[in-house]
Amino acid sequence: MLRVSLDIPAALKRLLALCDRPPPRSAPKRLDPLFRELGGARLKRPAEEIGDLIWAIWTDHADDDAVDAMHAAIGHIVAKDGAGARVLLDDLCRRHPDWAEAWNKRATLAFIEERDADAVEDILETLAREPRHYGAMAGFGQIALRQGQPAAALAAWDRALALNPHLSDLAAAADDLRELFAGRPN
């Protein structure tokens, strides 16, 4: 694996600053009660159902053609057709620059292709548009870990888990990192 020179600490600082901002006025208002419910002490329905609703809103768009292109891009990613996905996602980011999920899916593709610097830039673009995007935060953590920066990974994962404490695999990975840090000599 080729490691790209990437300033993870500086990117983490930008990520945390973006996450501290309130959602933009353009963010779908339907997300607010879902995030309140997801972060609450007592859920009225399964956390997975709430998460699915959030993701459905993130992948939705007023432009039906854009939604079709998003689903096609996801299909290309699943089929391991990066070139096909990239064409669609580049076009979506160009035509709908305010759509956070277009940037996030392009970040996902870059992560899969191990283009970490590109992935981080698109994650930051995602968070500039949707500062509660716990999927983008989790992805940043994966990149930080791959780049040999476990403390940055943990910081990003903790931020994602603050929004969605029901991500059990992510919580387990974060706990593993905490154990690793606890076992290190000072």
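Which residues lie nearest the centre of the largest pocket? In this predicted model, they are S26, P28, D98, W99 and A100, out of 17 residues that line the pocket. The points below cover this pocket, a second one, and the nonpolar cores.

**Largest pocket**
- The volume of the largest pocket is about 350 Å³.
- Helix 3 and helix 6 each contribute at least two residues to its lining.
- Eight nonpolar, six charged and three polar residues make up the lining of this pocket.

**Second largest pocket**
- The second largest pocket has a volume of about 200 Å³, and 13 residues line it.
- T108, F111, G135, A138 and G139 are the lining residues that lie nearest its centre.
- At least two lining residues come from each of helix 6 and helix 8, and helix 6 gives the most, with six residues.
- The lining of the second largest pocket comprises seven nonpolar, five polar and one charged residues.

**Nonpolar cores**
- The largest nonpolar core holds 39 residues, of which L15, I54, I123, L127, Y134 and F140 touch the most other members.
- Two or more residues of this core come from each of helix 1 (8–19), helix 2 (31–39), helix 3 (47–59), helix 6 (100–112), helix 7 (116–129), helix 8 (134–146), helix 9 (150–163) and helix 10 (168–182).
- Another core lies apart from the largest one and has 13 residues, including A66, A73, I77 and W103.
- In soluble globular proteins, nonpolar side chains tend to be buried together.

**Contacts of L127**
- Leaving aside residues up to four places away in sequence, L127 touches L15, L18, C19, R21, H133, A136 and M137.

Definitions and conventions: Residues are numbered from 1 along each chain as its sequence is written. This is a predicted model: local features need pLDDT of at least 70, side-chain atom pairs count only at pLDDT 80 or more; totals for chains, interfaces and linings use all residues. Side-chain values use heavy atoms; hydrogens and water are left out. A nonpolar core is a set of buried Ala, Val, Leu, Ile, Met, Phe, Trp, Tyr and Cys residues joined through side-chain atoms within 4.5 Å. Buried means under 20% relative accessible area, exposed over 50%, partly exposed in between (1.4 Å probe, protein chains only). Helices (H or I, at least four residues) and strands (E, at least two) are DSSP runs, numbered from the N terminus. Contact means heavy atoms within 4.5 Å. On a 1 Å grid over the protein atoms alone, a cavity is a set of points where a 1.4 Å probe fits but cannot get out, and a pocket is an open set with protein on both sides within 12 Å along at least five of seven lines; lining residues have an atom within 4 Å of a point. Grid points are joined across faces, edges and corners, and a volume is the space filled by probe spheres set on the points. Ala, Val, Leu, Ile, Met, Phe, Trp, Tyr, Cys and Pro count as nonpolar, Asp, Glu, Lys and Arg as charged, and the others, Gly among them, as polar.
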